[in-house]
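Morning, everyone. I have one structure to go through today, and I will keep it short. Please have a look at it first.

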Amino acid sequence: MQELRELYQTVILDHNKAPRNFGPLEDANREADGHNPLCGDRLTVYLLVEDDDRIADVRFEGAGCAISTASASLMTEHVKGRQLAEVAVDFDRFHELVTGPVNEAANTEELGKLAVFAGVREFPMRVKCATLSWHTLQAAIGQTPETAKTE
Ligand code: ZN
């Protein structure tokens, strides 16, 4: 557990200090704004979704706490190049990871680096910081209903 805590802090601090895929995306074909009033986090997610439902590119902009910024940064790394259907499954997995029971082992296998957010479940006030980027991503994906199907 101690090891996980240290990893959690190192990865989050790193992504907060140097967020990946940060800035506008010129050829985006979808975008959405997200706001977490509990903490004051704000961000915009830009997507370039190709005809085959693959996320060809993703970037984000905004300002927020370390958890929200690091989560958005890691999310963009995770979803880039993936199919929308895969991303929908990972959204559910991530949500479960950060809201699951504290004393239950999190299922982190499929989530790669995103597993560092398992520590957030100990801080209920922080859950919305960690999930803001994912909700915003979902809103951006949902802009074109016919391509947002998950079958
Ligand atoms: Zn926050």
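I will start with the metal site and then turn to a pair of helices.

A word of caution before that: this is a predicted model.

So, the metal. Which residues coordinate the zinc ion? Along the sequence, the donor residues follow the spacing C-x1-D-x23-C-x63-C. Take two of these donors, D41 and C65. D41 belongs to strand β2, residues 41-49, while C65 sits in the loop between β3 (55-63) and α2 (66-79), so this pair ties together parts that are 24 residues apart in sequence.

Are these two buried or exposed? D41 has a relative accessibility of 0%, so it counts as buried. C65 is at 16%, and that also counts as buried, because the cut-off for buried is under 20%.

Now the helices. The axes of α2 and α4, the latter covering residues 127-141, come within 7 Å and cross at roughly 45°. That angle makes α2 oblique to α4. The crossing is right-handed.

Which residues make the contact? On the α2 side they are I67, S68, S71, A72, M75, H78 and V79. On the α4 side they are C129, A130, S133, W134 and L137. Sorted by type, the residues of this contact are 8 nonpolar, 4 polar and no charged.

Note on methods:
Residues numbered from 1 in each chain as written. Predicted model: local features only at pLDDT ≥ 70, side-chain atom pairs only at ≥ 80, totals over all residues. Heavy atoms only, no water. Donors = N, O, S within 2.8 Å, 3.2 Å for Na, K, Ca; no water. Helix = DSSP H or I, 4+ residues; strand = E, 2+ residues; numbered from the N terminus. Buried < 20%, exposed > 50% of the residue type's maximum accessible area, 1.4 Å probe, protein only. Axes fitted to C-alpha atoms, helices over the stretch in contact; angles between N-to-C directions. Parallel < 35°, antiparallel > 145°, perpendicular 65-115°, else oblique. Left-handed = near helix turned anticlockwise from the far one by under 90°. Contact = heavy atoms within 4.5 Å. Nonpolar A, V, L, I, M, F, W, Y, C, P; charged D, E, K, R; others polar.
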